[in-house]
Structure formats: structure tokens, C-alpha cells
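Please look over the sequence and the structure shown here. The briefing that follows goes through a few parts of it, grouped by topic.

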Protein chains: 2
Amino acid sequence: MNLKDLSDYLGLSQTTVSRALNGYPEVSEKTRKRVQDAAAAHNYRPNTRAKGLATGRTMSIGHVIPISARHEIVNPIFADFIAGAGEIYSKNGYDMHLTVVPDTDEARVYRDIASKGSVDGVIVHGPLQNDPRIKLLQDLGLPFAVHGRSGRGDEDYNWVDVNNARAFERATNFLIDLGHRRIALLNGNEKMDFAARRRLGYLTAHGARGLTHDPALMFSDEMTEHYGYASVLRALDHPSPPTAFLISSIISSIGARRALEERGLQLGRDISIITHDDELSYLKNGEDLPIFTATRSSVREAGRICAQMVLDVIANPTSPPQHRLLESDLTVGNSTGPAP
Amino acid sequence: MNLKDLSDYLGLSQTTVSRALNGYPEVSEKTRKRVQDAAAAHNYRPNTRAKGLATGRTMSIGHVIPISARHEIVNPIFADFIAGAGEIYSKNGYDMHLTVVPDTDEARVYRDIASKGSVDGVIVHGPLQNDPRIKLLQDLGLPFAVHGRSGRGDEDYNWVDVNNARAFERATNFLIDLGHRRIALLNGNEKMDFAARRRLGYLTAHGARGLTHDPALMFSDEMTEHYGYASVLRALDHPSPPTAFLISSIISSIGARRALEERGLQLGRDISIITHDDELSYLKNGEDLPIFTATRSSVREAGRICAQMVLDVIANPTSPPQHRLLESDLTVGNSTGPAP
DNA sequence: TATGCATACCAAAGCGCTTTGGGTGTCTCG
DNA sequence: CGAGACACCCAAAGCGCTTTGGTATGCATA
């Protein structure tokens with residue numbers, strides 16, 4: 001059933017039917033009702049492509065999901081972010097257009113998307129420090145919002161980010177206050193902006209308290225379970241091992257816990273851990289009692305905000321860039337205690 | 001830059017340029033080369049919507065991601081499945097169209113997608129037993145492939161599934177052979193087809209060995225970490241507690257391990273665990289040595305196969321339905337041992 | 001009676017592409 | 001030398017919608 005069929009059936013022109021369905025005033029309420037009823041009865045929905053061609057809008061937002069080319073790992077926070085964004089999209093009649101691509105040739109994909117005109121805007125995932133994608137998208141004139149930021153000069157594009165530096169500074173201070181002096185950092189890949197900022201927070205706290213950090217206790221890689229496990233073992237084998245760990249992801253923290261268990265060390269007594277918690281739906285940091293002391297910020301909520309942001313930009317292309325810096329809670333669990 | 005601009009620039013008709021780019025024989029190789037070079041130089045890509053309108057194909061596949069309406073949980077295996085499917089899509093010039101939707105009104109979404117004509121085919125995620133979506137899609141005439149199966153009558157649609165019954169039967173037998181007699185089952189939501197089959201395998205093994213199962217040791221819910229944790233505690237508090245657990249997801253197994261740790265029980269000695277392992281990229285079952293004894297099957301590979309299957313159906317609509325039943329490995333790790 | 005102005009509708013162009021149904025020039029062969 | 005055959009190219013229709021630029025009708029006003 002297409003517009004022509006429907007208008008033939010109703011004995012009206014396509015113009016009138018289209019206007020009736022799209023809420024234009026040039027059609028009597030009686031006719032509009034008749035058209036709407038017929039459309040519902042025949043289960044008519046305008047063809048997306050045709051509508052897109054005619055209006056120049058696709059009503060869909062592109063997400064380019066980078067897959068680590070080195071390790072073939074897809075970021076686990078992605079599922080929850082998408083869930084949040086998807087909520088907003090369906091509320092606004094938008095669709096989500098997904099491309100998974102090795103993180104080595106993301107630029108090509110953005111270029112493709114832009115010239116194929118298949119989306120009205122895009123969300124940038126996992127920005128690096130000084131990510132070239134941002135300039136590219138600005139040049140292409142494609143509306144976009146970034147989940148995270150990208151180094152300096154973050155004034156002239158739209159982003160939603162967690163205050164990563166602050167979160168990790170607070171967490172580090174919390175540990176220092178408990179008497180810890182050797183604190184290991186299991187960070188994400190520090191080419192990524194969020195990880196660089198977390199590192200900064202960690203270093204800032206050290207500096208402010210007159211402590212020196214030990215590069216041998218600072219790790220940076222993709223945040224898998226195994227990374228947490230292996231890094232903790234390595235740190236513990238250091239001649240002067242840490243008494244506390246600051247970990248960038250709850251997934252790696254699970255690996256860390258496994259390592260401690262294997263070594264017979266008790267979490268919160270022998271070794272303290274603070275983790276960052278993205279509030280993944282299937283991997284909550286405890287239901288009522290938190291498992292880990294954690295800096296907490298919902299990635300799903302970030303997805304919602306980010307999605308709303310692109311939609312705003314699309315609706316209002318001339319408005320100034322929007323920024324949203326989310327503060328994270330510091331929830332105290334049983335994984336931290338005074339330094340032994 | 002659109003077709004008209006490009007053909008004007010080249011002094012050729014749109015027809016010729018279109019044919020040159022799409023590999024039709026009616027154009028000289030010399031001209032084709034000239035056209036291709038110009039297209040590349042001007043970064044020309046045909047507009048997706050226009051192409052779709054003209055050809056009747058969208059070159060995109062729809063994925064409808066159900067979110068548990070009760071618990072707002074998005075299935076963690078989803079990210080890896082998508083990664084696998086995305087690989088195949090980009091190799092074949094297809095895109096992925098995503099809709100996240102509460103699992104209560106998925107049907108509406110499929111109906112929408114079909115009448116809006118925004119995709120060439122869809123993948124069905126997380127089929128229930130006797131899932132109404134399958135009949136719906138057949139009625140709508142939309143090509144589709146199911147990740148999993150849906151109860152009886154699985155001959156007349158396309159699916160990729162793991163042999164869940166067999167996997168869990170083997171795992172149960174393995175535990176029985178080790179002397180375990182009270183084996184708890186931490187299953188997924190048994191409205192889902194995969195979980196029902198796993199339950200069946202578990203029961204079959206019990207029956208074949210003349211053992212009776214205890215409903216008090218059988219759990220069914222969404223497979224979160226907390227579910228694993230809470231269920232293990234509950235099972236251990238049973239007057240006659242189990243000596244082994246069979247767990248449907250590595251995520252829940254992590255929760256299970258946490259519960260054991262809390263109770264001071266040693267995995268593989270006091271309590272045995274066999275888990276199902278979807279080979280999630282960020283949550284591998286150990287890097288070299290497996291953490292858990294596990295029935296293993298790559299969900300990413302399933303994504304690849306499933307994607308290829310829809311593409312095949314689209315290319316060849318009259319071919320008979322394809323089925324692919326993947327057998328899972330049983331890898332032995334340190335989480336199992338003789339019954340105490 | 002003529003004019004103005006809403007109101008309610010419509011025909012047709014246009015979005016950017018593919019594809020049908022030719023057309024023209026060159027070559028080959030009887 | 002004329003007729004097919006072939007290679008190469010083109011104009012225009014059509015995909016399903018929105019939107020521009022109307023027209024016809026009815027009614028109040030001057």
C-alpha cells in the first residue's frame with residue numbers, strides 16, 4: 001500500500017492525503033479523520049526512502065562502532081550506550097544506523113556515510129586524544145555529537161563526557177587518605193581521551209600530596225577481564241608491590257579480583273581496589289551493597305543525553321555547540337580499607 | 001556531488017556514468033576508467049536513498065534488539081554478535097539498521113519496518129519458544145534469519161543455533177561422571193528457546209542416569225552477574241546443597257564465583273562449575289588456561305553465519321530454508337573436580 | 001453586482017538514482 | 001557497396017514521497 005493506492009482508494013489527490021497525514025492545516029478535519037482512519041486500516045506507512053529523498057532527511061543517526069584492530073575487541077559499554085540512545089531515537093521517530101569497523105579505517109566510513117547521505121547525523125564513539133574524526137566531521141558538515149572529548153579545543157563541537165580527571169583524582173585521594181602510598185593504575189588504552197584524563201587525575205592527586213608515582217605500576221590497555229587479571233599479577237610481583245589498585249573498568253576489576261583470589265589475598269583488607277563503574281545493566285556493581293568502591297556514572301544515561309544532543313543539533317543547526325560534563329559519584333564498598 | 005553533476009562534468013549522460021560505475025558491459029573500458037577516476041577524485045558516492053528508491057533494495061539489514069521490559073537489561077552477548085554480523089555486512093556493501101525496543105512490543109516494530117520498507121531483511125534476536133515474530137515475518141514476506149530457534153516446526157525458516165540441549169546434556173554427564181549427584185542449574189529465562197533446550201539437556205542426562213532432579217536447585221532468569229551470585233547463595237543454603245553448578249552464562253558464573261569466595265568455598269574442589277561460554281571478546285574464559293570448564297561456542301561466529309544467511313536469502317528468495325546447528329566444545333578447566 | 005478572502009482541494013515538479021528502449025556510428029562480410 | 005552486427009552512448013520514465021503553485025467554491029463585504 002503506497003500513497004497512490006491510498007489516495008486512489010479515498011478518491012483524493014496524493015497531495016491532500018500527504019497533507020492530511022502530516023498535519024498540515026490546508027485540509028478539513030473531516031477529511032483528515034477519514035484519511036487517518038483509512039491509513040490505519042490499511043496499515044499504511046510512508047516509504048522511508050521516498051520520504052527521505054523528498055525531504056532530504058533520513059530520520060536516522062549513524063553510529064560507527066570501532067573494533068580494536070589489534071585485539072578484535074568490541075567495547076562492552078557499547079551495548080548499554082546504544083540502549084540509552086535507542087530510547088531517545090524511538091521517542092523521536094529516528095532510527096539507528098550502525099557500522100562496525102576496525103578502528104584503523106573509521107575515517108573512510110565517516111566519509112562514506114556523509115557522501116552517501118544515509119544519515120542526518122552521527123555519534124562519535126571512543127574519541128582518541130586529538131581525534132582526526134572531529135575535524136573530518138566538521139569539514140564534512142555532518143551534525144555530530146561525541147561520547148567523550150578529544151584533547152584540547154573542545155569548545156567547538158558537541159560532547160557528553162564524564163569528568164574523568166576529577167573522578168580519578170578523588171579516587172586516588174580517597175586511597176591516599178586511607179594510608180596507601182603505592183597505588184597501581186590499571187587504565188584503559190591511553191591513546192583514548194578518557195584514559196588520558198583519568199591518568200591525569202591520578203597524577204594530579206599524587207602531585208598534590210607530594211607522592212611520586214611509579215611508572216612500573218601504571219598499566220594501559222584495552223579493558224578486558226584478562227588485562228585486569230594479568231596486570232594485577234604483574235604488579236604484585238613487583239619488588240615493592242602496590243597496596244591498592246585504581247581500575248578503569250568493572251570488567252577488568254573482575255579479573256583483578258580473580259588474581260587476588262588466586263594469590264590468597266583478601267580484597268579490602270590486604271589489597272584495596274577502586275573501580276570505575278559504568279553501571280552496565282548485566283554487570284551491576286552489586287544489587288544493594290556495592291561490591292567495589294567505585295566512581296560511578298551511567299553510560300546508558302550518557303547515551304540518552306548524547307542522542308538528544310545530535311537531535312537538537314539537527315533541529316537547530318545554527319545553535320552554539322552543547323557540552324555536558326557529568327560528575328561521577330564515589331560509592332564506597334567493601335573493596336577498600338586502610339593500607340596494611 | 002551527485003550523478004548529474006558528475007555526468008555534466010564528464011560530458012556524458014547520467015545513464016552512461018551510472019552504467020560505468022555499476023559495471024555494465026555497454027560502456028567502453030576507456031570511458032569506464034575515466035568515469036571511475038572522476039568519481040574517485042570528486043569523492044562521489046551514489047545517494048543511498050535514491051538508489052534504494054530506484055532499485056527497490058535498501059542494502060541494509062534490520063536488527064531489533066529486545067530490552068527486557070522488566071529489568072531494563074540488554075543482553076551482553078549482543079555486542080559480539082553484532083560485531084560478527086557487521087563484518088559480513090561491510091564485506092557485502094550492506095548496512096545495519098538497529099532498533100532497540102522493550103521486548104513487549106517487538107511485533108509492532110517488525111510491522112513498521114516491513115511497511116516502511118527500510119530494510120531488505122531482518123535478524124531475529126532472542127527467540128522465545130513459539131515466538132509469534134516468526135509467523136509475523138513469514139506473513140509480512142520479509143526475508144529473515146533467526147539467531148536461535150523457536151520451539152517445534154523449525155523447518156520452514158532460516159536459523160543458526162547452538163546445539164544447546166546436547167551441550168548441557170554433555171556437561172551434566174561430565175559432572176555426573178565426576179560423582180556429583182546434586183547439580184544445580186542456573187539457566188537463562190526459560191521462556192527463551194535456548195534456555196528451554198538447555199533445561200531439556202540437563203533433564204535428559206538426569207533421566208538417562210536414573211537421577212532425579214530437584215526443582216529447588218533449578219533457577220531461571222536473566223543472566224546477570226547478580227543472578228549468578230544470588231542463586232548460588234540460595235542453592236548453598238538449601239538443606240541438601242548442590243556440589244556442582246551448571247550455569248548458562250559466563251557473566252552469571254562470575255557472580256557465582258563471587259558467592260563461593262564469600263562463603264570460603266574453593267572452586268573445583270568444594271564446588272564444581274561448568275559454564276556456557278559465548279567467547280565474548282572482552283570476557284574470555286581465560287587467555288591460555290581456561291578459567292571455567294565450559295561448553296563453548298562463539299557468538300561472534302554465529303553473528304557471521306546468521307548475517308550471511310539473510311544475505312543469501314535475499315539474493316536467492318526461492319531457495320529452501322537454511323539451518324545451521326553449531327556444536328559446542330566442552331573445554332575442561334579448573335572449575336570442576338570430583339564430588340567431595 | 002463585483003470584489004476580496006478564506007477554505008479545501010489538486011496537478012505537476014522535483015528529490016537522485018536505475019533502467020528501458022532506443023539511436024548513432026563503425027566494422028565486417030557477402 | 002549495402003546490410004547487418006556490434007559497440008557505445010543517450011533521453012526519458014519511473015521509484016514513492018513532499019511541496020510549490022495553483023484552482024474552484026462559498027461567503028461576507030462594499
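Leaving out residues up to four places away in sequence, A:Ala302 touches A:Phe81, A:His147, A:Val160 and A:Leu326. The model is a predicted one, and the points below are computed from it.

- A:Ala302 sits in helix H12 of chain A, which covers residues 299-315.
- A:Ala302 counts as buried because its relative accessibility is 3%, and buried means under 20%.
- One of its contacts is A:His147; A:Ala302 and A:His147 are 155 residues apart in sequence, yet their C-alpha atoms are 7.5 Å apart in space.

**Helix H8 of chain A**

- Helix H8 of chain A has 14 residues, 164-177, and at 1.5 Å a residue it should span 20 Å; its end C-alpha atoms are 20 Å apart, so the two values agree.
- The buried residues in H8(A) are A:Asn164, A:Ala167, A:Phe168, A:Ala171, A:Thr172, A:Asn173, A:Leu175 and A:Ile176.
- An α-helix has 3.6 residues a turn, so residues three or four places apart point the same way.
- Among the elements of chain A that cover the buried residues of H8(A) are strands S5 (158-162), S6 (183-187), S8 (244-247), S9 (272-277) and S10 (293-296), together with helix H9 (193-208).
- Just after H8(A), A:Gly179 has a positive phi of about 100°.

**How the two chains are related**

- Rolling a probe the size of a water molecule over the atoms shows where empty space is left.
- Helix H4 (48-55) and strand S2 (95-102) of chain A, with helix H4 (48-55) and strand S2 (95-102) of chain B, are the elements that give two or more residues to the lining of the largest cavity.
- H4(A) gives the most to this lining, with 3 residues.
- The lining of the largest cavity is made of 16 residues, and those nearest its centre are A:Arg49, A:His97, A:Ser118, B:Arg49 and B:Ser118.
- By type, the lining of the largest cavity has 12 polar residues, 4 charged residues and no nonpolar ones.

Technical notes:
Residues are numbered from 1 along each chain as its sequence is written. Chains are lettered from A and ligands numbered from 1 in the order in which they are written. This is a predicted model: local features need pLDDT of at least 70, side-chain atom pairs count only at pLDDT 80 or more; totals for chains, interfaces and linings use all residues. Side-chain values use heavy atoms; hydrogens and water are left out. Helices (H or I, at least four residues) and strands (E, at least two) are DSSP runs, numbered from the N terminus. The expected span of a helix is 1.5 Å times one less than its number of residues. Buried means under 20% relative accessible area, exposed over 50%, partly exposed in between (1.4 Å probe, protein chains only). Contact means heavy atoms within 4.5 Å. On a 1 Å grid over the protein atoms alone, a cavity is a set of points where a 1.4 Å probe fits but cannot get out, and a pocket is an open set with protein on both sides within 12 Å along at least five of seven lines; lining residues have an atom within 4 Å of a point. Ala, Val, Leu, Ile, Met, Phe, Trp, Tyr, Cys and Pro count as nonpolar, Asp, Glu, Lys and Arg as charged, and the others, Gly among them, as polar.
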